[in-house]
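Me: I would like to learn how to read a protein model. Could you guide me through some of its features?
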Amino acid sequence: MGIYDECVDVRHPVIGQYCLSEINLSSLTGKDYSFNRTDDLDDFGNNNAWKTILGWDDYPDKVKRNSLNLGICIPYSCSASDLQSSLQNELDKVFTPEEIKAVVKVDPIMCTVKGDMYPYNTSYYVTRMFFLTLVLICCGTTLYHYIRISYNRNPKQTTGESFGSFCDTFSFINSSKALLKFDKNNELNSIYGFKVLMMLFVMLIHRLSHLYDNPMINPKRVETVYHNGPDIVLTLTNVVDPFFFISGFIMYLNISRSSKKAEIGIKKIISPIFHRVSRMLPSYCAMMAITAHIVPHHGDGPLWPKIVWEEAEICKNDWWTNLLFINNFLETKYGCLIVNYYVSCDVQFFVVGVIIVYVYMRNSKYGIRLLCMVLALSLSVPFLVTFMTKRIGICLFHLLGSIRTVLDVNKSYRLSYMRATPFFAGLATSIIVEKLKEKKVKFSHFIVYSGTFIISIICLYTQLYSIKFYSQHRPYYPLEHALFSVVDHCTWSVWSMWCSICLLTTGYGPFTYVFNNRLVVVLGRLSYSVFLVNITVIMMSHGTIRSPFYLSKKSVVRNQVDNF
């Protein structure tokens, strides 16, 4: 990668321009350079250097030795095409006699100079002024609210009712009270604690994915993960399933408590959907606007244009697919924010879930039948699609590719009808818990703890079974992959169902306080915002790196601690 800052700091007698070129080597004669590779990554046998470089096939556990990114410093007066042709000519002189073909590519976006090169446009200034105005409004209303509390005997009394409502909406004081509010007797507090734990796992996976995608000195270390583990890292691609489960679980409670059978109608069906979307959209739109117009101007580095600028352009061009909640059915290059699939899936599940809940409230028998039918479809559709299209049963975790590339490899990961089981399992669990509480059913502590232990072991073992699919030489069995495409989204669902039933009917004794305290409840309320923000923050960190990363257990742990 060279030294980026030393290059762009050159101002005289020429302006320094840093370019990151891409060089790919292949056989000029079509000669077969493949070789048998053992699990011992240090065993190259009698293979010569060219076989080692050119004999690597495209598989998740292999680092391409025939691909090189080379940082070169050139004058600003030279273009990317000038560098590409010059470098191509020089490499041809060296590799052609060896019957090796070198293909050089220099993307103009990868050639940068010192300073902010991303263009300023009207959208940037509008976005910046909008958020600045919003901050000023919040600060102003907060100050007014504070003065009102300090000098008025009746803080709720205002000179104008509409202005008082406006003040309450934008006041940091009210927002802080709502965020920090804690009712220790609320049975759903532990759900917030569970969301915090799952969010830590999600952030860990996101960070690891970008970390392994960094330029690194010892890429062989990545390959050892596929051969020596830890296996749990490669099998946690369904870690967002608990969020779908919680969404379905809470949805039923919120709707059933706020509605009565006599009030059920079309308006009552549309109202929860509108409320759900209106709560999700502000922060969702804010992150899209910030990613598209603000973030590109606040960083630089060899990889900054490729990572951050391209994400910004996607948000500028295809933001409307996010607002329509259809981007999970499109290719990843058409969706702003990599986590957009989750938001779209959640809204799509919610629409179907609301219909089921209102049918259940009208007629419990019909509601149960409809829920069972939807659950059956959520189990059978992934099986049939995987079996008929011969897809892989899980989304293979490509440690050597970006998250956007990984999610596009196995399109099943982003399709709502391929991963609907957790949401509707959560909805069913909520109904079961309600019935058990009506009958005052409680389990003994032995059943609670022993059952949780047994189910955890079974689900963990089932989860780890998918490590077999990473073996390059394992035969493809359509039935095996089809079955596991169903089971993969049942592991977290079954475990969550049991834990939710035990927690809300009997409790876990002193362990309940681990998830039922003010800290985790507050963090749980922030989990959705953190989920939206964390990828953009990681991308900014990834885009500003200046040198290759040395991968080791200590460096990974240190990087994770710094990230949190």
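Predicted model: local features only at pLDDT ≥ 70, side-chain atom pairs only at ≥ 80, totals over all residues.

Me: How many helices and strands are in the protein chain?
Reply: Helices (H or I, at least four residues) and strands (E, at least two) are DSSP runs, numbered from the N terminus. The protein chain has 23 helices and four strands.

Me: What share of the residues count as buried?
Reply: Buried means under 20% relative accessible area, exposed over 50%, and partly exposed in between (1.4 Å probe, protein chains only). Here 46% of the 564 residues count as buried.

Me: Is Y118 buried or exposed?
Reply: Y118 counts as buried because its relative accessibility is 4%. Look for Y118 in the loop between β4 (111-112) and α4 (122-151).

Me: Which residues does Y118 touch?
Reply: Contact means heavy atoms within 4.5 Å. Not counting residues up to four places away in sequence, Y118 touches A292, P296, H297, W309, A312, E313 and K316. Take P296: from C-alpha to C-alpha it lies 6.6 Å from Y118 in space, yet 178 residues away in sequence.

Me: What joins the side chains of Y118 and E313?
Reply: A polar contact is a pair of N or O atoms within 3.5 Å; within protein, one must be able to donate a hydrogen and the other to accept it, and residues adjacent in sequence count only if both atoms are side-chain atoms. The side chains of Y118 and E313 make such a contact at 2.6 Å.

Me: Which residues are buried in helix α21?
Reply: In α21 (residues 518-525), the buried residues are V520, V521, V522 and G524. Their cover includes α6 (172-180), α7 (189-212), α20 (512-515) and α22 (527-543). At the start of α21, a side-chain oxygen of N517 comes within 3.2 Å of the backbone nitrogen of L519.

Me: And how do I read empty space?
Reply: Rolling a probe the size of a water molecule over the atoms shows where empty space is left. On a 1 Å grid over the protein atoms alone, a cavity is a set of points where a 1.4 Å probe fits but cannot get out, and lining residues have an atom within 4 Å of a point. The second largest cavity is lined by 14 residues, with G393, I394, S412, D488 and H489 nearest its centre.

Methods:
Residues numbered from 1 in each chain as written. Heavy atoms only, no water. 1 Å grid on protein atoms, 1.4 Å probe; cavity = no way out; pocket = protein on both sides within 12 Å on 5 of 7 lines; lining within 4 Å.
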